[in-house]
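User: Can you walk me through this one? I'd like the strands and then the pockets.

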Amino acid sequence: MAERVAVLGASHKPERYSNQAVRMLKEYGHDVVPVTPGRAVIEDLPVSPDLGSIQGPVDTLTLYVGPERSAQLQDAILALKPGRVILNPGTESPALEQALDSAGIPWQHACTLVLLRTGQF
């Protein structure tokens, strides 16, 4: 089933995992919202400069920013109220995880690319 997925920290560089996630999510039929400042388009998709600019609900927020950056974005992540948050390798943050728990937002340590390839997304 197709979901609306925001990719926080999306990159325009094809070798970056966040760009691979954007492409693979698109390939699997999801409605993808790349989120990063300073770019208008990534992989032919309009980019949201920040989480607050996303209109409408988000089923999944997948993180490709480190814990220092996610700490700065914690309030925006909670305000977005995604259906779940995927913390990709290197993005683990006990403080964010605790805040998500307190807000009742499910989260998991996982790799978006692996979840997609194995049918567990």
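**Sheet and pockets**

Analyst: Leu 8 sits opposite Val 35 of β2. This is a predicted model, where local features need pLDDT of at least 70, side-chain atom pairs count only at pLDDT 80 or more, and totals for chains, interfaces and linings use all residues. Residues are numbered from 1 along each chain as its sequence is written, and side-chain values use heavy atoms, with hydrogens and water left out.

User: How many bridges join β1 to β2?

Analyst: Strand β1 (residues 4-8) has 5 bridges to β2, and the two run parallel. Strands are DSSP runs of E, at least two residues, and helices are runs of H or I, at least four, numbered from the N terminus. Two strands pair if DSSP finds at least two bridges between them.

User: What's the strand order in the open sheet?

Analyst: β2-β1-β5-β6-β7, with parallel pairing. β2 (31-35) and β7 (107-109) are the edge strands, each pairing on one side only.

User: Which residues line it?

Analyst: Among them are Leu 8, Val 35, Arg 69 and Leu 73. Helix α2 (residues 67-80) gives the largest share of that lining, 3 residues.

Conventions: On a 1 Å grid over the protein atoms alone, a cavity is a set of points where a 1.4 Å probe fits but cannot get out, and a pocket is an open set with protein on both sides within 12 Å along at least five of seven lines; lining residues have an atom within 4 Å of a point.
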